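Thanks for coming, everyone. I will walk through one model today, strand by strand and then by its charges. Please have a look at the screen.

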Amino acid sequence: TNTLSRTQNNKQKKTDNPLFMNADDRFFWNKVISESFLSSRLADWILPVIRGSVQICTIILQKRSFVFVLISRRSRYRAGTRYQTRGVDTSGHVANFIETEQLLVVNGEWASYVETRGSIPLLWGQSGYKYTPIPRLNPDKELNKKLFILHFEQQTSIYKSQIIVNLLDQRGIEAELSQAFKEHATMVADLNIRYTEFDFHNETKGGRFDNVYRLVEQLKPLLNDTMYFQINKKGDVVCEQTGVIRTNCLDCLDRTNLVQSFFAYYTLILQLKKFGFSIEEKVPVLEKIFKEGIE
């Protein structure tokens, strides 16, 4: 349930708490059914379980090997199915919130890069039986503002700065929701929150997905500034990640998947260079994994 960074922080506390006591509550999916173990004084038997994905592979590059790990953790809050569960709830939790962590293990040293995704943190929904129901925004401006601020207060307390990447269409049925998102991000005027628009469908029409590199180029200064988390063989912290990219489209699925992979790939190249690999921006064996997935 924890990133490498949170795990490291827990180690530094040097507590003898059972494993579940250090679990991230957002991703502790079996928490409710584990309560009976507590009442029976069987705390040591509780094993926190995530809902998500874990992929691990060993990659050989330049006659050196390293372990590549990809973990996605879905929040148990505001859970629900596509179309039926959208936006933010009164506790600041958003639908389809997922924390994705990319891990590298090179000669006993660890590096971690974290990104997040989640539904637009406003009160909105979709109803009906059309293939693409029209998104409807709740007209209560004050409540929307309150919950928007609450959501990002929670996010900045966990991940520090937020780099918002909004992939919604700027025209058509997504335009109103996209504009509302932009207005709220601008209205908050928080230095820890940066907002960027990238009309994915328009920018990549005709299958020009490489155009996403333009977005990466635009955000390079922020990517280089927020960095990633790394510890050496002794367990000492080498560098820390000071912010995350928070990507969204309407469903936080296909468009978000592709764009997140571009940011992750850019950071992976930075990490490998830091570990002493002499590589260019494009490495065929790595590009194959990012395009086709881990086999």
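Leucine 70 sits in strand β2 (residues 64-74). Strands here are DSSP E runs of at least two residues, helices are H or I runs of at least four, and both are numbered from the N terminus.

Some ground rules. This is a predicted model, where local features need pLDDT of at least 70, side-chain atom pairs count only at pLDDT 80 or more, and totals for chains, interfaces and linings use all residues. Residues are numbered from 1 along each chain as its sequence is written, and side-chain values use heavy atoms, with hydrogens and water left out.

Back to leucine 70. Its relative accessible area is 25%, so leucine 70 is partly exposed. The scale: buried is under 20%, exposed is over 50%, partly exposed is in between, with a 1.4 Å probe and protein chains only. Leucine 70 touches Ser53, Val54, Gln55, Thr100, Glu101 and Gln102, leaving aside residues up to four places away in sequence. Contact means heavy atoms within 4.5 Å.

**Glutamine 102**

One of those neighbours deserves a stop. Glutamine 102 is in strand β3 (residues 98-106). Buried or exposed? Buried, because its relative accessibility is 2%. Its side chain reaches the backbone oxygen of alanine 264 at 3.2 Å. That is a polar contact: N or O atoms within 3.5 Å, where within protein one must be able to donate a hydrogen and the other to accept it, and residues adjacent in sequence count only if both atoms are side-chain atoms. Glutamine 102 also touches Phe68, Tyr113 and Phe290, among others.

**Strand β11**

Next, β11, residues 243-248. Six of its six residues are buried, so the strand is largely enclosed by the rest of the structure. Both faces are covered: Gly243, Ile245 and Thr247 on one side, Val244, Arg246 and Asn248 on the other.

Which strands pair with β11 in the parallel sense? Strand β4 (residues 109-117) does, over two bridges. Strand β7 (residues 161-166) does too, over six bridges. Pairing requires at least two DSSP bridges between the strands.

**Charges**

Now salt bridges: a side-chain nitrogen of Lys or Arg within 4 Å of a carboxyl oxygen of Asp or Glu. The count comes to 14.

Take glutamate 99 and arginine 26. Their closest N and O atoms are 3.7 Å apart. Glutamate 99 lies in β3 and arginine 26 in the loop between α1 (4-13) and α2, so the pair ties together parts 73 residues apart in sequence. Both residues are buried.

Aspartate 251 and arginine 86 form another, at 2.5 Å. Aspartate 251 is in the loop between β11 and α7 (254-274), arginine 86 in the loop between β2 and β3, so this pair ties together parts 165 residues apart in sequence. Aspartate 251 and arginine 86 are buried.

A local case: glutamate 217 and lysine 220 meet at 3.2 Å, N to O. They are three residues apart in helix α6 (residues 212-226), which means about one helical turn between them. Glutamate 217 is partly exposed, with a relative accessible area of 49%. Lysine 220 counts as partly exposed at 24%.

Last, a network. Salt bridges that share partners join Arg6, Asp24, Arg26, Arg73, Glu99 and Glu101.
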